[in-house]
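Thank you for sending the model for comment. My remarks are set out below as numbered points.

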Amino acid sequence: MTKVFVFFISMLLLPAINYAQNSNDNQLALKFAKRMKDSLSLNPIQRVNILQINLALSQEKRLARQQYNGNDSLKFIVRGIELKRDSLYQTVLPAGKYTQYLDKKMNIINNN
């Protein structure tokens with residue numbers, strides 16, 4: 001009886017946990033898109049494109065974490081997903097803003 005109760009409770013909580021993770025991913029993607037909009041003076045279309053890229057990468061990383069949970073290769077897979085970010089940004093940002101983005105990124109990396 002206890003096992004059934006625990007199983008039932010866990011099945012009720014699982015969607016809530018998944019929703020919370022999606023919500024955090026969405027909030028983080030929105031935060032990055034807003035920060036880039038402010039620092040690079042992006043127009044609304046560019047901001048939406050950056051947001052979509054961030055959401056897609058976030059979802060891809062979440063799926064990788066689910067698939068490779070506890071696997072040593074997870075960090076390499078997530079790193080590979082993150083390496084796509086710059087090339088995806090390059091497709092939606094004009095050359096000047098992309099260069100500005102890279103400069104700001106390198107400044108952040110070097111200061112940490």
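The points that follow concern a predicted model and take up its pockets, its salt bridges and one further residue.

1. The largest pocket has a volume of about 530 Å³. It is lined by 16 residues, and those closest to its centre are Phe-32, Arg-85, Tyr-101, Lys-105 and Ile-108. Helices α1 (2–40), α3 (74–92) and α4 (95–111) each supply at least two residues of this lining, with α3 giving the most, six residues. By class, eight lining residues of the largest pocket are nonpolar, one is polar and seven are charged.

2. The second largest pocket has a volume of about 170 Å³. Of its 12 lining residues, Asp-25, Leu-28, Phe-32, Ser-58 and Lys-61 are the closest to the centre. Here α1, α2 and α3 each contribute at least two residues. The lining of the second largest pocket comprises four nonpolar, three polar and five charged residues. Phe-32 should be noted in both contexts, being listed among the residues closest to the centre of the largest pocket and of the second largest pocket.

3. The structure holds five salt bridges. One of them joins the side chains of Asp-38 and Lys-34, at 3.2 Å from N to O. Because these two residues are four positions apart in helix α1, about one helical turn separates Asp-38 from Lys-34. Asp-38 is partly exposed, at 45% relative accessible area, and Lys-34 is also partly exposed, at 46%.

4. A salt bridge links Glu-60 with Lys-84, with the closest N and O atoms 2.5 Å apart. Glu-60 belongs to helix α2 and Lys-84 to helix α3, so this pair ties together parts that are 24 residues apart in sequence. Glu-60 is partly exposed, with a relative accessible area of 30%, as is Lys-84, with 34%.

5. Lys-105 and Asp-86 meet through their side chains in a salt bridge of 2.7 Å, N to O. Since Lys-105 lies in helix α4 and Asp-86 in helix α3, the pair ties together parts 19 residues apart in sequence. Lys-105 is partly exposed, at 28% relative accessible area, whereas Asp-86 is buried, at 17%, a value under the 20% cut-off for burial.

6. Lys-61, Glu-82 and Arg-85 are linked in a network of salt bridges.

7. Asn-49 is found in helix α2 (residues 44–67) and counts as partly exposed, at 25% relative accessibility. Asn-49 and Tyr-89 are 40 residues apart in sequence, with a C-alpha to C-alpha distance of 8.5 Å.

Technical notes: Residues numbered from 1 in each chain as written. Predicted model: local features only at pLDDT ≥ 70, side-chain atom pairs only at ≥ 80, totals over all residues. Heavy atoms only, no water. Buried < 20%, exposed > 50% of the residue type's maximum accessible area, 1.4 Å probe, protein only. 1 Å grid on protein atoms, 1.4 Å probe; cavity = no way out; pocket = protein on both sides within 12 Å on 5 of 7 lines; lining within 4 Å. Points joined across faces, edges and corners; volume = space filled by probe spheres on them. Nonpolar A, V, L, I, M, F, W, Y, C, P; charged D, E, K, R; others polar. Salt bridge = Lys/Arg side-chain N within 4 Å of Asp/Glu carboxyl O.
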